[in-house]
Amino acid sequence: MIRTTVALVALWSSAASAHEGEHHGSLLATLMHLVSQPDHVAMIAAAAILGGVGALVMRRRARAARRMFGKQ
């Protein structure tokens, strides 16, 4: 199992999947890089969607727990 995991990680994290560009000059350069690269924008959108779904789930669970224990 460990050998399979190591092999998959080694294959997945190849240099070919990285994109070119230096973005370590300043905060503005880093922010511009993040919003101008489609792969970064997709990850930001995915994180926002997952965060929103997580917040909704937690709100519903809290509401259900309040109803269950009689606290409105």
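Let's start with Met1. Met1 sits in the segment before helix 1, which covers 2–12. One thing to keep in mind: this is a predicted model. Is Met1 buried or exposed? Met1 is exposed, because its relative accessible area is 81% and the cut-off for exposed is over 50%. Together with Ile2 and Val6, Met1 makes a nonpolar surface patch of about 400 Å².

Now step back to the whole chain. How many helices and strands does the protein chain have? The count is three helices and zero strands. Read from the N terminus, the order of elements is α-α-α. The chain has 72 residues, and buried residues make up 3% of them. The accessible surface of the chain is about 6,700 Å². Carbon and sulfur atoms account for 69% of that surface.

Next, helix 3. With 31 residues, helix 3 reaches 45 Å from its first C-alpha to its last. That is close to the 45 Å expected at 1.5 Å a residue. What follows helix 3? Gly70 does, and the phi of Gly70 is positive, near 80 degrees.

Last stop: charge. Which residues form the positive surface patch? The patch is formed by Arg59, Arg60, Arg63, Arg66 and Arg67. Take Arg67, which lies in helix 3. Arg67 counts as exposed because its relative accessibility is 53%. An α-helix has 3.6 residues a turn, so residues three or four places apart point the same way.

Technical notes
Residues are numbered from 1 along each chain as its sequence is written. This is a predicted model: local features need pLDDT of at least 70, side-chain atom pairs count only at pLDDT 80 or more; totals for chains, interfaces and linings use all residues. Side-chain values use heavy atoms; hydrogens and water are left out. Patches are made of residues with over 30% relative accessible area and no salt bridge: like charges are joined within 9 Å, nonpolar side chains (Val, Leu, Ile, Met, Phe, Trp, Tyr) within 5 Å. Accessible areas come from the Shrake-Rupley method with a 1.4 Å probe; for residues, only the protein chains shown count as cover. A salt bridge is a side-chain nitrogen of Lys or Arg within 4 Å of a carboxyl oxygen of Asp or Glu. Helices (H or I, at least four residues) and strands (E, at least two) are DSSP runs, numbered from the N terminus. Buried means under 20% relative accessible area, exposed over 50%, partly exposed in between (1.4 Å probe, protein chains only). The expected span of a helix is 1.5 Å times one less than its number of residues. Lys and Arg count as positive and Asp and Glu as negative; His and the chain ends are not counted. The place of a charge is taken as NZ of Lys, CZ of Arg, CG of Asp or CD of Glu.
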